[in-house]
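Here are my notes after a pass through this one. Have the structure open while you read, and take the points in any order you like.

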Amino acid sequence: MRWSQAFIPTLKEVPSDAEIVSHQLLLRAGLIRKLAGGLYTFLPMGVRVLRKVEAIVREEMNRAGAQEVLMPALQPPEIWQASGRYETARDVLFKLKDSAQREWVLSPTAEEVITTLAAAELNSYRQMPVNFYQISVKFRDEIRPRFGLMRAKEFYMKDAYSFDATDEGAMASYRRMFDAYGRIFARCGLQAFPVEADTGVIGGNHSHEFMVPADTGENDVVYCETSGYAANIEKAASRGPEVPTPKDRTGEAPETFATPGVVTIDSLAAAPYSVPAHGQIKTLVYIVDSKPVLILLRGDDLLNEAKLMARTGATHARPATPEECVQTLGARPGSLGAVARIPQDVPVYADEQLRGARGMTTGANEDGFHLRHVEIERDIRVSHWVDLRTVRAGEADIATGQPLKIRRAIEVGHVFKLGTKYSEKLNATFLGETGQRHPCVMGCYGIGVTRTLQAIIEQCHDKDGIVWPTSVAPFEVCLTPLTVTPGSAPRELADRLYADLTAAGIEVILDDRDERPGVKFKDSELVGFPLRLNLGEKSLAKGEVELKPRGRNVEMVPIAEAAARAIAWVQAERARLNPAKA
RNA sequence: CGGGACGUAGCUCAGCCCGGUAGAGCACUUGCUUUGGGAGCAAGACGUCGCAGGUUCAAAUCCUGUCGUCCCGACCA
């Protein structure tokens, strides 16, 4: 490719609506342009990278035994109603009507379609295990698209679905995908690591997310360097808070005391009350699938909504409004408690940290009053003891007792053992060896291809621009003659090297633009080609060309060796990023 | 959905408070010079000031509405 013929609209200045560096570089390097919020056009360089990431995903999926299919993005709502997700996923589902007023949904994932296919086509245990995948455009009605490709309304995703006759088989399928994911991200030059993930309403503990550490990520990962434990904060557990919960028996009965104007944990912890936060019971009213529930936490703990959803099996949960609190408990937020006046039909979920708690202080369910000397198991009707709190950095790892750390990360992949949720609802059953009919045991496995692309930039860049891993770079080598006049030595050599490298199977872009050297250097570094060959009059006169790997120092090599050295460099990088092939 | 900010040339922005008919830098076109880190000089082209109403002799500027974009929040009672 000749740069003069290529469409690579680089930007010197930072577009005002790009906040994070990877988004800025996507725009500045001429990979994408925005059409509207959360919708982007991929320009030629962007497409080249996208296709490379996609190819890596495809190769590894095929290697893992998955078979590629392609499903419609436009889907009938009936199958979504059948799975129940028409309701549970309503917030992210795009819906539309055709000219006959028939409704359709735009697919965010394809469990319903693939399970419908399986219901029709998979009839015998002999047909399993089988794993179908596709790489296609997905749609999500994001309430707030942001960060360019990170959270978009339309994006590229690889989604795979495994079908097994047995639970053990499903675990083997899961493992194969888990391993394939490790290879995929490694080949993309990306440092991504698996963390235990929340399994939501489906339950079980076989779900991992693949995370790329980045301050701009939208997930918090809890991890322990000693034990290797790593989990999404939505799922993470620890040995508990550093300050233990008071449990000394006092024998005193609950006592009401006036706390005018005190409606926060902090103000009750301050003088004149001086009740430490860990000696308080925080009472929350949540509306879970339209019904009120009470949630009890230690005063210094934070509710983990994902855990709440998982423990209650709910699909929607939100804090109750002050009016709903009054309706449920007769008091406003700030004075809520679970000791008295709790309607029988309102379940009380108490966090495990409160088990055995004594001498606690909590709201009296009367505005302006609190209760002290509360013993939770004596005074409160707890219907469920569950883990609901959010782990904090510094708490002890369950395995080793070492302090846990927390960092932000970008989720680029997710593997999930689904079980029979979809196969039961959509009737994907098969006949087993004994002639019995069983639902298929499923797994689903996603990789955000466009998000992965941006995560690579987020991880691989410097002050000058993108530093592409060779495996996903739009071109592997950028030939940069500093003089482009036909017949000049740099131009002649560039043309010759272009032919040699191309013949060796290297992807080369020749910067034949009649631009000043500074412009060419800046552009090639912004776009991020892994290896640049500078061909200047001065060094050529000395019989040398410059080999400039992106982000590393220049090396002078004799003209006669230039092609061989460049080829060797690229091949070494390819091998480093794909050891299996080397 | 709540809050905040911003919409002026392809891009980054000024002008708005205090109304008088639109500017800078970069990019683009042409010419000359320059040629190892986003060149210099000269000339040129580029705008329904997001859109719709309103106030006014006069609106980018003031008022109302609307659309769009970005940020924060949507657990901490």
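1. Let's start with the charged pairs. The count of salt bridges comes to 47. Keep in mind that this is a predicted model, so every value here is computed from it.

2. Glu78 sits in helix 3 (residues 77-83), while Arg102 is in the loop between strand 5 (94-97) and strand 6 (103-106), so the pair ties together parts that are 24 residues apart in sequence. Glu78 is partly exposed, at 43% relative accessibility, and Arg102 is also partly exposed, at 31%.

3. Next, have a look at Asp462 and Arg550, whose side chains meet in a salt bridge at 2.8 Å, N to O. Here Asp462 belongs to strand 25 (residues 461-462) and Arg550 to the loop between strand 30 (544-549) and strand 31 (555-558), so the link joins parts 88 residues apart in sequence. Asp462 is partly exposed, with a relative accessible area of 27%. Arg550 has 9%, and because buried means under 20%, it falls in that class.

4. Arg140 and Glu142 make another salt bridge, at 3.0 Å, N to O. Arg140 is partly exposed at 30% relative accessibility, whereas Glu142 is buried at 11%. There is also a network of salt bridges that links Glu59, Glu60, Arg63, Arg183 and Arg187.

5. On to the RNA. Of the 45 residues around RNA strand B, the ones that come nearest are Arg144, Leu302, Pro333, Gly334 and Glu525.

6. Which element gives the most to the surface near RNA strand B? Helix 14 does, with 8 residues; this helix covers residues 517-527. Strand 1 (32-36) and strand 14 (281-288) each supply at least two residues. By class, the surface has 21 nonpolar, 8 polar and 16 charged residues.

7. Last, Ser207, in strand 10 (residues 207-213). Ser207 is buried, at 1% relative accessibility, and its side chain reaches the backbone oxygen of Val415 at 3.5 Å. Beyond its sequence neighbours within four places, the contacts of Ser207 include Tyr174, Asp198, His414 and Phe416.

Key:
Residues numbered from 1 in each chain as written. Chains lettered and ligands numbered in written order. Predicted model: local features only at pLDDT ≥ 70, side-chain atom pairs only at ≥ 80, totals over all residues. Heavy atoms only, no water. Helix = DSSP H or I, 4+ residues; strand = E, 2+ residues; numbered from the N terminus. Buried < 20%, exposed > 50% of the residue type's maximum accessible area, 1.4 Å probe, protein only. Polar contact = N/O pair within 3.5 Å; in protein donor to acceptor, adjacent residues only side chain to side chain. Contact = heavy atoms within 4.5 Å. Near = heavy atom within 4 Å. Nonpolar A, V, L, I, M, F, W, Y, C, P; charged D, E, K, R; others polar. Salt bridge = Lys/Arg side-chain N within 4 Å of Asp/Glu carboxyl O.
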